[in-house]
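Please open the structure in your viewer and keep the selection tool at hand.

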Amino acid sequence: MTVPAPYDLLLDERGALCPMPIIALARASKQSPEATILLLADDPAAMSDVPAWCAMRSRVLVWTGIANDDQGQAFLVAPAPDNEP
Amino acid sequence: MSSPPLAPGGYFDAASTLPMRPQARQALLAALDQGFADPHRRYHSARQARRLLDGARETVAGIIGARPDEVSFATSGTQAAQIAVMGLAKGRQRQGRRLLVSAVEHSCVLHAARAVADAMVETIRVDEFGAVHPGSVETQISAGNTAFVAVQSANHEVGTRQPIGAIASLLADRDIPLIVDAAQTLGRDDCPTGWSILTASAHKWGGPAGVGILAVRNTARWRSPLPDDPHEGGRIPGFAAIPNIVAAAVALEEAEAERQTESARLRSLTEGLRSVLPARIPDAVVLGHPTDRLPHIVTLSMAYVAGEALLEDLDREGFAVSSGSSCVADALTPSHVLVAMGALTHGNLRISLPPGAAQSDVDRFAAVLPGIVARVRESLGAGDL
């Protein structure tokens, strides 16, 4: 897995079923609003729910790819740029 | 004046099925006695059965805008959809091998298309409301080799209507047939026009289970995908269930008459839910088109909520609703409709009101749901997010 940008936090939610990966992502985003987060998840709903949650909470889904060892998906989630509402 | 409630108060899963309408039940009982005989025979009771079957066919044909000989009665909406898809792919074998189906079709249409041998199934994308754009259809058919296009009249999970008229007219210009699954529309909303094949299911409008509608235009190049059989114009195999068919036609007539006033009432109830629920529940998104939609369906997704827990708590409060979330599905995958729309798939609820749904039950639902959602979030440790 080559993540194309640096990240501050790694959340490995593989093995957790929906909505737990999104809850973990939301909690980490609340605790560290400025952090760029790499989320790993293998629940099939994450593929839809991570982008949908990002749109809902004005976060930016920078990149998605296959996680290490082909075990699930990786999502790189960043805060919205400062100059945006 | 609203009609008497058809279903128990709190039964908000009308898009799945309805109980049988009282008039349909009476018609069914009468037809068990009067319509038992083989309608193909030449004696008194056979002619009586034939008259009942013909009458039901004329009723349905009149409502959907077809000729009676274009209408066949299937044993379910699923069977009708399967025979529509497989038969049109067969009849159009030489014209095209691409089967274009909207990404939000009912799974029975998608599975039927995938079951056609030596054909390519391509999905037509939808927007965030779940609507197909005629421009997307136009782009996809420009590559040629198209056997047919299949687009539902309205979506079963979010209630969004599809632009069937516009799609039908651009397909007609190119002589490409259109299959319309109208299961959610018949008896609840205006029947679409311009289709080559239309399918529907009687238990959705308060008829009995076990009756589907397969209407095939005489001009459509449809060939039966099944072994030869003389019943139902050679389209549906086996002895027709005349009493059920009679009851289905009576129920459809009643549904059509009732919806003239009931649709507006249900639309205002669902309109209320669409504004009240997201105002009372944080991080809730209402799905589906805000205006171009069926009158009786409201769907929403709520972040940090497990659909399964939600359904259990609502059931305890006396409410029957459904969910497209993966934790509720047999296959543990989220609904393909929600995925195609790019919607949040967890914490999903579909509220579909039966005819006669009481304002007081809808109000009680809107009053209890926020507390249930808060409790489920709390139990998942997400109460403060």
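What follows is a list of selections, with a note on what each one shows.

This is a predicted model, in which local features need pLDDT of at least 70, side-chain atom pairs count only at pLDDT 80 or more, and totals for chains, interfaces and linings use all residues. Residues are numbered from 1 along each chain as its sequence is written, while chains are lettered from A and ligands numbered from 1 in the order in which they are written.

Select chain B. Chain B contains ten helices and ten strands; these are DSSP runs numbered from the N terminus, with helices being H or I of at least four residues and strands E of at least two. Along the principal axes, its C-alpha atoms fill a box of roughly 70 × 55 × 35 Å. Of the 385 residues in chain B, 53% are buried (20 or more other C-beta atoms within 10 Å of the residue's own, with C-beta atoms placed from the backbone).

Next, select residues 359–379 of chain B, helix α10. Where does α10(B) bend? The bend, about 25°, is at B:V368, and the proline B:P370 follows within four residues. Here the bend is the angle between axes fitted to the seven residues ending at a residue and the seven starting there.

Now pick out the buried residues of α10(B), among them B:V362, B:F365, B:L369 and B:I372. Show α7 (242–280), β9 (297–302) and α8 (307–316) of chain B as well: what covers those buried residues includes these three elements.

Finally, select B:G381, which follows α10(B) and has a positive phi, near 75°.

Terms used. Buried ≥ 20, exposed ≤ 12 C-beta atoms within 10 Å, placed from the backbone. Expected span 1.5 Å × (residues − 1). Contact = placed C-beta atoms within 7 Å.
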